[in-house]
Amino acid sequence: LSVPLRSGEQAIGSLKIDSFEKDSFTIEDQNLLEIVARQIDVAIDNSKADSALKDNLEQISRKNKYETIIRTVTQSVHQSINLDEVMENAVQSMHENIDQINHVAIYLKEDDYAAMKAHRGYPDWFINKTFKIPYPKGFTWKTIIDGAPIYCADTDKDDVIGPAGKDVGSKSYLATPISYDNETVGTINVHSLQKDAFDDDDLKLLQIVAGQIDIAINNAKQAEALRESQQSYKTLFDQSPVGVYIFDKNFKITNCNERMADIIGSSRQQIIGLNMTELKDKVFMPSMERALNGEICYHEDIYNATTISKQLWLSLSLTPLVDNGENVI
């Protein structure tokens with residue numbers, strides 16, 4: 001006697017019983033076998049549902065972990081101009097949230113070396129040996145030179161990975177380039193102790209992280225340029241052979257250099273914060289008003305100093321300062 005086993009509407013097997021005697025089974029036996037078969041059908045469907053649920057939960061868990069990585073790195077980029085801090089947060093988050101990653105490192109190009117800037121999971125001997133990778137060795141440099149990601153599913157069949165990578169136990173690896181100003185400047189490398197550990201989703205994640213590091217590099221370079229500009233401005237301001245002062249729209253002096261204080265015969269502490277509408281001699285006030293109205297002015301006149309009893313012949317050049325909206329400030 002044989003009855004089909006089904007999954008949904010499809011027959012996928014059978015439940016069969018045999019006897020050594022003829023005419024052994026009755027319609028009741030067939031009905032019983034049908035009942036047993038239907039229970040097995042339910043068990044099969046439950047098993048498939050459990051498997052599908054497990055796969056779905058794993059996908060949800062993986063998606064959540066990837067979102068955590070992206071959120072962590074993105075927040076780090078927008079909250080800090082410290083490139084080292086951003087890279088440390090990136091490798092830490094990837095190492096914590098991607099189960100198949102055993103080792104992760106970020107390398108940036110420095111002349112003829114690729115220098116390890118952040119890492120997780122590597123033993124000390126590996127870090128010491130690969131802290132600076134000379135041009136053009138290994139898959140790190142191949143990624144930089146080609147400007148394209150590399151995925152090796154089986155290092156036993158790979159001729160690009162260096163001996164240190166094999167010695168540390170890498171069975172598969174993934175590397176994606178980091179770019180700045182249309183030039184590849186580094187890589188994100190991830191290693192696994194298992195073969196076939198990574199897929200397209202992992203590559204997409206690494207590319208997103210690399211894109212955020214691109215932004216972080218740009219932010220850091222802009223911050224450095226701003227610091228250099230501010231230092232140049234400070235040097236020019238402080239060491240100028242002429243007196244320089246800055247005043248706001250209320251005619252209050254917000255800054256001045258030492259030379260200005262020398263000319264007036266006062267100190268920076270006395271001048272900064274002074275409201276010029278309260279000066280005894282207001283001979284230069286009309287020119288300062290014109291400057292606040294957007295004019296570049298030049299004015300020579302005799303000035304009676306307030307802080308000391310002294311007359312000075314002053315030559316004054318005034319230039320309006322404007323904000324990004326071209327408003328005089």
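Ser 7 is in contact (heavy atoms within 4.5 Å) with Ile 12, Ile 44, Asp 45 and Lys 48, leaving aside its neighbours within four places in sequence. The model is predicted: local features need pLDDT of at least 70 and side-chain atom pairs count only at pLDDT 80 or more, while totals for chains, interfaces and linings use all residues. Residues are numbered from 1 along each chain as its sequence is written, and side-chain values use heavy atoms, with hydrogens and water left out.

**Ser 7**
- Ser 7 lies in strand E1, residues 2-7; strands (E, at least two residues) and helices (H or I, at least four) are DSSP runs numbered from the N terminus.
- Ser 7 is buried, at 16% relative accessible area; buried means under 20%, exposed over 50% and partly exposed in between, with a 1.4 Å probe and protein chains only.

**Backbone features**
- Tyr 135 and Pro 136 are joined by a cis peptide bond, with omega about 0 degrees; Pro 136 is in the loop between E5 and H4.
- Asp 181, in the loop between E7 and E8, has a positive phi near 55 degrees and is exposed at 65% relative accessibility.
- Asp 196, in the loop between E8 and H6, has a positive phi near 50 degrees.
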